[in-house]
Amino acid sequence: SPRLLSDPMPPLSLYQRALGGPAYQRLAPALARFHGLSGPHRLVGQVQVEAPATWLGRVLAWALGAPQRAVQGAITFELQAHPEAEVWTRRFPAQTMQSTLREAAGRVVEHLGAARLSFVLHESEGRLLMQLQQLHFCGIPCPAWLCPQVVAEETGVGDALHFRVQATVPGVGRVVSYRGHLLAPSGAAGVGVGASA
């Protein structure tokens, strides 16, 4: 029988397209639910932030809109997810960091402050790993010798999404470092901001 026109397949999320169907299906359930969300959502959790290692690291963190001092406490994560782009607003205890993500040629491209970062996604034993491929700063390509070492990974444990992000620049040291968890929506429909805003 023909498919009903009133029941179209929902568009794939940005992360579903970038990671690919088979790898996406292997993600831990909390990660798959989070990266399949659409529309506005607000998630809460806990975070621990390390300060940049040097004064130059603090300047770079400022240029990225990233946290500049060590702190731990509650984090609120606001997501605006649409198939063509996602806006991530991370409300740390002492600072807010916002970025816009898009998918291009199978990669996730993140605009964060003065930087544009291009990541390839990998799944490993249910975890999500983001591998930095290219970095542009103020529109200028970063030379390979100056490119930061980036750790960006997510794991799922029950309904919690655990994250770890660290960026270290040669000759500068640690620029960004934070880890923690968010409580991912437990149902297929997720938790919209409408009921709690």
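Predicted model: local features only at pLDDT ≥ 70, side-chain atom pairs only at ≥ 80, totals over all residues.
Helices and strands here are DSSP runs numbered from the N terminus, where a helix (H or I) has at least four residues and a strand (E) at least two. Residues are numbered from 1 along each chain as its sequence is written, and side-chain values use heavy atoms, with hydrogens and water left out.

Let's zoom out. The chain has four helices and eleven strands. Of its 197 residues, 39% count as buried, meaning under 20% relative accessible area, while exposed means over 50% and partly exposed lies in between (1.4 Å probe, protein chains only).

Is V59 buried, partly exposed or exposed? V59 counts as partly exposed because its relative accessible area is 39%. Along the chain, V59 and V175 are 116 residues apart, yet their C-alpha atoms are separated by 8.7 Å.

Now look inside. In soluble globular proteins, nonpolar side chains tend to be buried together. A nonpolar core is a set of buried Ala, Val, Leu, Ile, Met, Phe, Trp, Tyr and Cys residues joined through side-chain atoms within 4.5 Å. The largest one has 48 residues, and Y15, F34, V108, L121 and Y178 touch the most other members. Strand β2 (residues 71–82) supplies the largest share of this core, five residues. Take F34: leaving aside residues up to four places away in sequence, F34 touches L43, F77, L79, W88 and L161, where contact means heavy atoms within 4.5 Å.
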